[in-house]
Amino acid sequence: MTLKAVPVDFETKWKDLGAVCQNVIRCIDIENDLWCSSFSDVYALCVSRPESQAFKLYEAVTEILRERITEILGNLSGTNDNDLLSSYACHWDNYYTGLKCLDNLFRFVNSQYVAPRRPCEADMFYGDALPVAQAHNMEILQLGLSLWKTILIDSIRPRLTSCLLAEVSNDRSGIVSHQDCMSPCLESFLRVDELKGLTKIALNVYVDLFVKPLMEETRVCYSEWTTRARTLPCTDFISEALEFLKSESERATKYYPYSREEIIDLFNEIVVHHQLDFLNSNVADFINIERQDDLRKFYQLLAPTNQCNELIKQFGLHVKAKVNSVLAGIPNDRTAPSYFVNNLLAVRDHFTQFIDQVFDGTSIYRNEMDKAFEQAINSSSVCVKSDPKPIVGSLSYRSSHSSITSSSAKSCSANQSSNSARVAQYVNRYMDELLRRPEQQQLTDEELEEKISASIVLFKYVEEKDLFRQFYQKSLSYRLLFNPTTTLELEESTITKLREVCGYEFVSKFQRMHSDMQLGHTMNENFRKYLITSNISVPFSHQCNVLTVSAWPINSKATINFNLPPSLADYLAHFEAFYKKEYSGRNLRWVLASCMAESRLLYTKDGRQYILQLTALHAATFSLFESRDVDRMTLGALRLNLLGESAVADPEGDEIVKKAVKPLVDAGFLKLYTPDGLLETEEFKNDVIVALNRTYTSRHTKVKFFYNPALLLNSVAPTGSKEEVEQVEKQVHEDRKFFIQAAIVRILKTHKTMKHAELVKCVIEEAKGRFQPPVLLIKRCVEDLIDKSYLERNPNDADQYNYLT
């Protein structure tokens, strides 16, 4: 082969090259040498001198393609409809294979002769200059497809459409015929459609010849199927619809995958959307009895088209009803918190698993479940059987002798308890039971972590989270100060989980309390070293906790003051000296009523030694008998020695003495006698005799003195009582007023002026995640701020507020 351009006789070259082309287009085998030499012939014709023979070559190839397609058309015209598709598919496969080989043979023609004649993309897009066969600007492959369409497809178009639809109908009826020939036929349409943009006539062979007639026939088929299936029960209708959809989807995927989405959309329109009222009329029954199989099918039918609104709504109502049934069954006893949390978690776990199994774990159903839980738990219409009774003496803690310092927290009068407060109280008390780790609780740290995490899931549903914070703050203080089984690591983990839900501000006091206890270990160690260095001896084991005044819920201003035993009074003086030396500028305020002590009882007749764990007030009462070396004294003398002369005329002294003596009498450690000492009495008068009960006995040598923990923190109400809920609610109400007022000032300081509705919206958004502020409370706070001259109403618009600098 030579690359030099030389004169070439077209007729001579074409004689052999034309024979090769005839064989190639018919897929007839050609000798390798002849095939390779044909490339040289094509090249020689294109570069021949004095003029290129490419024009004649292109015309000759076009004629060969025409002859071959006309020949195929003649064969198909004589074929009956039953064999048309199979014959067409066979001819197309043969022709297209040969056409690709022919296009490969004439690559030099395509690149050197056709390409320069093709219009640019801009001309094809905006103008009328498009490639056409007559202009010799279509490549050989495109030329062959164009001729296939104009000569063959256009000639037998109605027959092809009829035969294709017949095969679809046969397949739907289960009749096996020539369905496998559909794919090659449709592929030929798609190949021809690839010429779009290369001809002035828009080619939509696949759509016009097959898709449009198919959709029309399919619409009739689906309508007839729906009319028949509507006579079935809803469950059978859904089952058959899913089977029908599956068969339609598989058929489309196998034979006409490019039209599958259109077929599915048409099915959803006729079988699902048009029958939606019929389907939705039964969904409530499926949900209420939790027929998972039927609901699963219902979801599979409706989910692809996002027409599950009624299903989602009914599911939410069902979840809410289940939660309400749990809330309505809360018992009126100490098991209420565990019943509340455990049963709600069981319901939640059930519906979480239900969503995974039926609804594929779709987030919209999880959100609906969470919404139903939140509405039910925070609904004021939820009725508990009755208010829980005060749990007095239900908690017992033990501790070595401890002293506590703190500042005040204002006590409040009671308000009517609400359901929100009750819910917050239940969650808090459940977590408190876990975190106190009582001896009978056989749980590992991992199990405790898991249960606490589960309870925090319920806590997320509580709207009034500030109520929970107040309850949790009290419970945390009891655990940290008086519960020896509390672990700081577990408390810290719980606080971290709460911070992840509500943010740092929510748990700032909890973290400060936790930090105080951590620092307390180091401080007590330093104090012991100080005592050793100062050569000071303390005749008892001791631990002192210094608490941040603003973090702990201890009302130190309302604390009970009483005379301490000399050894304890000296201990306090030593600690004050140590603390002032270590920390300058800090003031200590002792909260003696919140101290715990351990005393030994040696006066009983059975000769046994009892170790008694009790409050400092009760320990001081016992020490009076020891210091005076008597086993009885009048109540007036006890009062004088316990409270001092200044408290003799104080009316509060009677109440303090009663708090000091009555619990010991009720527990059997002391007895009250009439002034003559002959008869026991329950009166508390100055001349009544208080005596040690030497006949006291117990099968336990180590006795925990039960008490109400609220008294240790100087709380007005007992723990778990209605009064405590009312007290917390009033305190929270005051905190909310300050929060809303601060939020209003911040917002108006930023915007300077704002409409009332917009201001209310911004305040509600700021309080989101903390509590749900009533609009009436926001209005009252606005009025208070106007009275305090923080803002004013616009003189020209009463609905607008201006910030005052």
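The dialogue that follows treats strand pairing, helix packing, cysteines and backbone geometry in turn.

Q: What kind of model is this, and how are residues numbered?
A: This is a predicted model, in which local features need pLDDT of at least 70 and side-chain atom pairs count only at pLDDT 80 or more, while totals for chains, interfaces and linings use all residues. Residues are numbered from 1 along each chain as its sequence is written, and side-chain values use heavy atoms, with hydrogens and water left out.

Q: How do strands pair, and in which sense do E5 and E7 pair?
A: Strands of a sheet pair through backbone hydrogen bonds, either parallel or antiparallel. Helices (H or I, at least four residues) and strands (E, at least two) are DSSP runs, numbered from the N terminus, and two strands count as paired if DSSP finds at least two bridges between them. Here, strand E5 (residues 632-634) and E7 are antiparallel, with three bridges. Strand E6 (residues 670-673) is also antiparallel to E7, over four bridges. Ala691 in E7 stands opposite Arg632, and Lys671 stands opposite Ala691 as well.

Q: Which way do the residues of strand E7 point, and are they buried or exposed?
A: A residue is buried under 20% relative accessible area, exposed over 50%, and partly exposed in between (1.4 Å probe, protein chains only). In strand E7 (residues 689-692), Ile689 and Ala691 point one way, Val690 and Leu692 point the other way, and all are buried.

Q: In what order do the strands E9, E10 and E11 lie in their sheet?
A: The three strands form an open sheet in the order E9-E11-E10, with antiparallel pairing. Its edge strands are E9 (753-755) and E10 (791-794), each of which pairs on one side only. From one strand to the next the twist averages 35°; axes are lines fitted to C-alpha atoms, for helices over the stretch in contact, and angles run from 0 to 180 degrees between N-to-C directions. E9 is joined by three bridges to strand E11 (residues 797-803), where Asn802 stands opposite Thr753.

Q: How many disulfides are counted?
A: A disulfide is a covalent bond between the sulfur atoms of two cysteines. The criterion is a pair of cysteine sulfur atoms within 2.5 Å, and by this rule the count is zero. The closest cysteine sulfur to that of Cys595 is in Cys544, 7.8 Å away, so the separation is too far for a bond. Cys595 counts as buried because its relative accessibility is 2%; Cys308, at 7%, also counts as buried.

Q: Which residues have a positive phi although they are not glycine, and where is there a cis peptide bond?
A: Most residues other than glycine have a negative phi, and most peptide bonds are trans. Asn535 has a positive phi of about 60°. Asn535 lies in the loop between helix H23 (504-533) and strand E2 (543-546), and is exposed, with a relative accessible area of 71%. Asp629 has a positive phi of about 55°. Asp629 is found in the loop between helix H25 (616-628) and E5, and is exposed at 70% relative accessible area. The peptide bond from Arg49 to Pro50 is cis, with omega near 10°, and Pro50 is placed in the loop between helix H2 (32-46) and helix H3 (54-77).
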